[in-house]
Amino acid sequence: MACAPDHDRQAPALQVQRVSKSFGETVAVSEASFDVARGEIVALLGPSGCGKTTTLRVLAGFEQPDEGIVLIDGETAVDETVWRPPERRRIGMVPQDFALFPHTSVADNIAFGLPHGHRAWWTRPWRRLRRVDPPPRVQELLELVGLHGFGDRFPHELSGGEAQRVALARALAPEPAAVLLDEPFSNLDQNLRASLRLAMRRILKAADTAAVFVTHDREEALSLADRVAVMREGRIEQIGAPDDIYYRPETRFIGSFVGDANILPATSFRHGAETELGFVILLNPSEGEDGRPLDVLLRPEQLALKIAEADDAEAARVINSEYYGHDQVVRVRLPSGLQVETRLRTEVVWQPDDPVQVVVLDDAIGFAR
């Protein structure tokens with residue numbers, strides 16, 4: 001593959017500094033800041049209306065922010081005095097519906113992404129295209145996205161996953177500093193998403209370009225991204241590696257949004273907390289006096305079940321279980337009446353009203369009330 005332009009490899013490919021955007025009285029994005037390195041994939045994750053798509057559109061140049069700075073490969077794309085239009089930003093865009101040209105071939109679609117000076121092949125009359133080999137860059141990209149031999153096909157002859165790869169190849173054609181993807185899997189069959197996520201990650205890593213994608217699906221964000229930025233009401237509440245976001249959420253909202261969560265009332269004690277399930281060590285021990293009320297977050301897989309005696313007054317009781325083959329989700333009612341959810345292997349299939357003891361396997365996260 002052709003080498004990327006000679007830029008400082010140490011500088012982030014994309015820098016976003018305190019970007020804000022409002023529509024009338026509605027604040028869509030508020031002081032968003034993050035960097036994306038070359039070869040890094042960052043997910044903007046959040047519920048509908050949180051500002052993630054508006055952030056993407058600001059980066060692409062489709063929306064002008066009210067304030068803030070965007071730098072691409074160290075060059076200012078927008079600030080108080082500078083505004084570069086989308087075509088001058090070295091940004092590739094993969095829209096939600098892929099937006100392929102239906103009347104042109106796969107090779108034609110990819111070639112359209114080439115810089116204007118290298119696109120003469122694409123502009124020739126369609127009658128002659130079949131007799132002219134596409135540019136080497138198009139052949140390169142077909143290989144990269146796993147579509148060798150697909151150049152003469154048309155969009156209506158492609159599956160959803162294949163169409164997505166063509167759209168990605170077109171975005172990568174001009175060797176952009178960054179690629180932006182808007183809900184890249186939303187139009188694809190649920191059964192195909194897992195394999196396509198792996199393919200997407202492989203392609204982006206091989207292209208060595210920075211990538212930012214928008215999603216409301218936590219599995220997509222956690223499995224595809226190197227870092228995840230969780231947004232809420234226009235603000236980035238936390239950005240970090242997927243395991244940090246999942247196991248060390250900084251807010252109660254993030255803890256509940258990025259995965260199934262059990263929230264237990266607790267009391268702070270030394271470096272942990274006392275809960276109905278016993279003492280747990282906290283990954284984020286709070287400072288101050290013992291005895292303060294907390295809420296403790298534990299993921300379902302951080303809990304295990306042991307068989308208890310039927311007449312044990314301290315025993316919890318199984319409410320129900322959902323069997324998935326590789327694991328099962330078991331819901332349990334504690335003696336206090338509080339319900340918790342566990343995710344377990346399937347050596348034992350638990351039945352309603354089974355007496356059990358709930359065991360904490362791992363450290364937890366605490367949130368002050």
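Rings of Phe, Tyr and Trp (its six-membered ring) pair if their centres lie within 6.5 Å; planes under 30 degrees apart count as stacked, over 60 as edge-to-face and the rest as tilted. By this rule the count comes to 4 aromatic pairs. The model is predicted, so local features need pLDDT of at least 70 and side-chain atom pairs pLDDT 80 or more, while totals for chains, interfaces and linings use all residues. Residues are numbered from 1 along each chain as its sequence is written, and side-chain values use heavy atoms, leaving out hydrogens and water.

**Figure 1. Overview of the protein chain.**
The protein chain has 9 helices and 20 strands. Helices (H or I, at least four residues) and strands (E, at least two) are DSSP runs, numbered from the N terminus. The C-alpha trace spans about 85 × 50 × 40 Å along its principal axes. Of the 369 residues, 48% count as buried. Buried means under 20% relative accessible area, exposed over 50%, and partly exposed in between (1.4 Å probe, protein chains only). Among contacts with a separation of 6 or more, 66% join residues 24 or more positions apart. A contact means heavy atoms within 4.5 Å.

**Figure 2. Surface and charges of the protein chain.**
The chain holds 41 positive and 56 negative charges. Lys and Arg count as positive, Asp and Glu as negative; His and the chain ends are not counted.

**Figure 3. The aromatic pair of Phe101 and Phe112.**
By the ring rule, there are 4 aromatic pairs in the count. One of them, Phe101 with Phe112, is edge-to-face, at 4.9 Å centre to centre and 80° between the planes. Phe101 lies in the loop between β6 (91-94) and α2 (106-111), and Phe112 in the loop between α2 and α3 (126-129), so the pair ties together parts that are 11 residues apart in sequence. Phe101 is partly exposed, with a relative accessible area of 25%. Phe112 is also partly exposed, at 29%.

**Figure 4. The aromatic pair of Phe253 and Phe257.**
Phe253 and Phe257 form a stacked pair, 5.4 Å centre to centre, with 20° between the planes. Both belong to helix α9 (residues 252-257). Being 4 residues apart, they are separated by about one helical turn. Phe253 counts as buried because its relative accessibility is 18%.

**Figure 5. Arginines over aromatic rings.**
The charged end of Arg89 sits over the ring of Trp83, 4.5 Å from its centre. The charged end of Arg170 sits over the ring of Phe101, 5.4 Å from its centre. A charge sits over a ring if NZ of Lys or CZ of Arg is within 6 Å of the ring centre and within 35 degrees of the ring normal.

**Figure 6. Surroundings of Asp35.**
Asp35 lies in strand β2 (residues 26-36). At 34% relative accessibility, Asp35 is partly exposed. Leaving aside residues up to four places away in sequence, Asp35 touches Pro12, Leu14, Gln15, Val16, Glu40, Val42 and Arg227. Glu183 is 148 residues from Asp35 along the chain, and their C-alpha atoms are separated by 20 Å.

**Figure 7. Helix α1 and the glycine that follows.**
In helix α1 (residues 52-60), 7 of the 9 residues are buried, so the helix is largely enclosed by the rest of the structure. The buried residues are Lys52, Thr54, Thr55, Leu56, Val58, Leu59 and Ala60. Gly61 follows α1 and has a positive phi, near 95°.

**Figure 8. Loop residues with positive phi.**
Glu175 is not a glycine, yet its phi is positive, about 55°. Glu175 is found in the loop between α5 (160-172) and β7 (178-182). Its relative accessibility is 21%, so Glu175 counts as partly exposed. Asp208, also not a glycine, has a positive phi of about 55°. Asp208 lies in the loop between α6 (190-207) and β8 (210-215). Asp208 is partly exposed, at 33% relative accessible area.

**Figure 9. Ser159 and Leu188.**
Ser159 lies in the loop between α4 (136-144) and α5. Ser159 is partly exposed, with a relative accessible area of 35%. Leu188 is 29 residues from Ser159 in sequence and 9.1 Å away in space, C-alpha to C-alpha.

How values were computed
Charge placed at Lys NZ, Arg CZ, Asp CG, Glu CD.
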